[in-house]
Amino acid sequence: MQEWSAESFEISTNAMIKVWTWPFYYILRTLTETIGREPAISLFKEYVSSYYKDHPSPNQTNFEGLDAMCTKRTSGDTSNSVWVIDHAMLEPGKYAFKNNNCPTCVDAMNELPDSEIKYYTCCYPDYAKFTAMYSDDVILTMEHTIMQGAPYCSRVLHDTRIDYDLRHPPIEFWDAMEEGREDEVEEIYGRFKVD
């Protein structure tokens with residue numbers, strides 16, 4: 001019998017994410033081949049949503065609100081992060097953030113062929129995950145994802161205790177959302193709110 005080695009091994013972040021994402025990809029892909037694509041995706045979505053609803057984070061009690069979240073995410077030295085994200089508090093109860101890269105799921109799943117299955121296994125869970133992590137009153141809207149071929153992921157967290165307008169800003173808003181264009185973004189969002 002061979003003894004366990006005391007050697008340590010370094011595992012890349014990419015490999016760790018593959019361990020988490022690839023099994024779900026192949027589970028959903030197999031399910032689509034077994035019961036059909038639409039029923040499989042519907043069942044998977046129901047499973048994911050139910051899982052997070054039944055397993056909220058114990059840290060929900062620490063949720064201080066979206067203003068505090070935005071401040072925390074944009075304060076201090078953010079240059080060490082591998083994530084490239086633009087942030088904006090649109091108004092009380094609406095925190096927008098645009099992911100300009102996805103160094104986790106997209107990079108780890110590049111070699112897998114089915115972009116729709118990749119979206120449902122990596123991006124779709126975020127809808128229920130944000131609610132489970134922060135508050136039952138927090139709802140995510142997301143219309144563009146890098147996984148589906150967009151140049152960014154557009155996300156808004158809505159605190160429904162403050163405002164229940166879940167409309168997602170238009171693509172013009174997201175295309176303009178970057179450092180140095182704050183006035184333009186504010187003007188686009190102002191027009192959108194009036195519509």
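Helices (H or I, at least four residues) and strands (E, at least two) are DSSP runs, numbered from the N terminus.

Before going on, some ground rules. This is a predicted model, where local features need pLDDT of at least 70 and side-chain atom pairs count only at pLDDT 80 or more, while totals for chains, interfaces and linings use all residues. Residues are numbered from 1 along each chain as its sequence is written, and side-chain values use heavy atoms, with hydrogens and water left out.

**Stop one: helix α3**

Select residues 66–74, helix α3, and colour L66, M69 and C70, which are buried. Buried means under 20% relative accessible area, exposed over 50%, and partly exposed in between (1.4 Å probe, protein chains only). Look down the axis: the buried residues of α3 fall within an arc of 95 degrees, so they line one face of the helix. That arc is taken from the directions from the helix axis to the C-beta atoms. Now show what covers those buried residues, including β1, β2 (94–99), α6 (125–134) and β4 (153–159).

**Stop two: the cores**

A nonpolar core here is a set of buried Ala, Val, Leu, Ile, Met, Phe, Trp, Tyr and Cys residues joined through side-chain atoms within 4.5 Å. The largest has 32 residues, and L28, M69, Y95, Y120, M147 and L157 touch the most other members. Helix α5 (residues 115–123) gives the most to this core, with five residues.

Zoom in on M147. Leaving out residues up to four places away in sequence, M147 touches C105, V106, M109, S115, K118, Y119, C122 and C123, where contact means heavy atoms within 4.5 Å. Then pick L90, A96, I188 and F192, which are among the 13 residues of a second, separate core.

**Stop three: salt bridges**

Count a side-chain nitrogen of Lys or Arg within 4 Å of a carboxyl oxygen of Asp or Glu, and you get 13 salt bridges. Start with E91 and K193, whose closest N and O atoms are 3.6 Å apart. E91 sits in strand β1 (residues 85–91) and K193 in helix α8 (residues 182–194), so this pair ties together parts 102 residues apart in sequence.

Next, select D159 and R161, bridged at 2.6 Å, N to O. D159 is buried at 2% relative accessible area, whereas R161 is exposed at 52%.
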